[in-house]
Amino acid sequence: SDGLGAAASDLTRTHSGGGVTVKVTYLNPQGSDGPRFEVVLDTHSVNLDGYDLKTITVLRDDTGKSYLPTEVENKGSGHHREATVSFSKVSPEATQLEIILKDVAGVKERTFRWDLR
């Protein structure tokens, strides 16, 4: 399981600001389906229940296309939120993906970036 842990951490991006830490992990980089991400929001001070990940999360690729989530599976509430966010397949020409989370705790955009190899 050590190998898995190392691979997972390599696919995780973190952004802290406004008292909220957001951690996004790319779950299926080798998959042939559309990309899936685990989004974790953690805070000690802000109630996170008001954030609808389906409306504040966008996936962008480096061909200029944007994708809205096709499905959001929520777990957790209050000061710790977890969700699995799924998207439809991205352009086969894409070499980079970005997840953008908008307007969480006063931070206009948090960007998380992965290179596709």
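**Reading the model**

Mentor: Tyr 26 is buried, with a relative accessible area of 7%. Buried means under 20%, exposed means over 50%, and partly exposed lies in between (1.4 Å probe, protein chains only). This is a predicted model: local features need pLDDT of at least 70, side-chain atom pairs count only at pLDDT 80 or more, and totals for chains, interfaces and linings use all residues. Residues are numbered from 1 along each chain as its sequence is written, and side-chain values use heavy atoms, with hydrogens and water left out.

Trainee: How many aromatic pairs does the structure hold?

Mentor: A pair of aromatic rings is described by the distance of the centres and the angle of the planes. Rings of Phe, Tyr and Trp (its six-membered ring) pair if their centres lie within 6.5 Å; planes under 30 degrees apart are stacked, over 60 edge-to-face, the rest tilted. This structure has four such pairs. One of them joins Tyr 26 and Phe 37, stacked at 4.8 Å centre to centre with 25 degrees between the planes. Tyr 26 belongs to strand 2 (residues 20-26) and Phe 37 to strand 3 (residues 36-43), so the pair ties together parts 11 residues apart in sequence. Strands here are DSSP runs of E, at least two residues, numbered from the N terminus.

Trainee: Is Phe 37 buried or exposed?

Mentor: Phe 37 is buried, at 0% relative accessible area. Its ring also meets that of Trp 114: the centres are 5.1 Å apart and the planes lie at 50 degrees, so this pair is tilted. Phe 37 sits in strand 3 and Trp 114 in strand 9, so the contact ties together parts 77 residues apart in sequence. Trp 114 counts as buried too, at 1% relative accessibility. Ring pairs link Tyr 26, Phe 37, Phe 87 and Trp 114 into a cluster.

Trainee: Which residues does Leu 97 contact?

Mentor: Contact means heavy atoms within 4.5 Å. With neighbours within four places in sequence set aside, the partners of Leu 97 include Tyr 26, Phe 37 and Trp 114 from the ring cluster. Among the others are Pro 35, Leu 59, Val 90, Phe 112 and Leu 116. Leu 97 lies in strand 8 (residues 96-104). Leu 97 counts as buried, at 0% relative accessibility. From Gly 64, Leu 97 is 33 residues away in sequence and 10 Å away in space, C-alpha to C-alpha.

Trainee: How many salt bridges are there?

Mentor: A salt bridge is a side-chain nitrogen of Lys or Arg within 4 Å of a carboxyl oxygen of Asp or Glu. The count is three. In one, Glu 98 meets Arg 60 at 3.0 Å, N to O. That pair links distant parts of the chain, with Glu 98 in strand 8 and Arg 60 in strand 4 (residues 57-61), 38 residues apart. In another, Glu 98 and Arg 113 bring their closest N and O atoms to 2.7 Å. Glu 98 is in strand 8 and Arg 113 in strand 9 (residues 107-115), so this bridge ties together parts 15 residues apart in sequence.

Trainee: How accessible are Glu 98, Arg 60 and Arg 113?

Mentor: Glu 98 counts as buried, at 12% relative accessibility. Arg 60 is partly exposed at 33%, and Arg 113 is partly exposed at 43%.

Trainee: What is the distance in the bridge between Asp 103 and Lys 108?

Mentor: Their closest N and O atoms are 3.8 Å apart. Asp 103 is partly exposed, at 47% relative accessible area, whereas Lys 108 is exposed, at 61%. Shared partners join Arg 60, Glu 98 and Arg 113 into one salt-bridge network.

Trainee: In what order do the five strands of the open sheet run?

Mentor: Strands of a sheet pair through backbone hydrogen bonds, either parallel or antiparallel. Two strands pair if DSSP finds at least two bridges between them. Here the order is 1-2-3-7-6, with antiparallel pairing. Strand 1 (12-17) and strand 6 (71-77) stand at the edges with a single partner strand each, so one side of each lacks a neighbour in the sheet. From one strand to the next, the twist averages 15 degrees. Such angles run from 0 to 180 degrees between N-to-C directions of lines fitted to C-alpha atoms.

Trainee: How many bridges join strand 6 and strand 7?

Mentor: Seven, in the antiparallel sense, with strand 7 spanning residues 80-86. Gly 76 has Arg 81 of strand 7 as its bridge partner.

Key: Helices (H or I, at least four residues) and strands (E, at least two) are DSSP runs, numbered from the N terminus.
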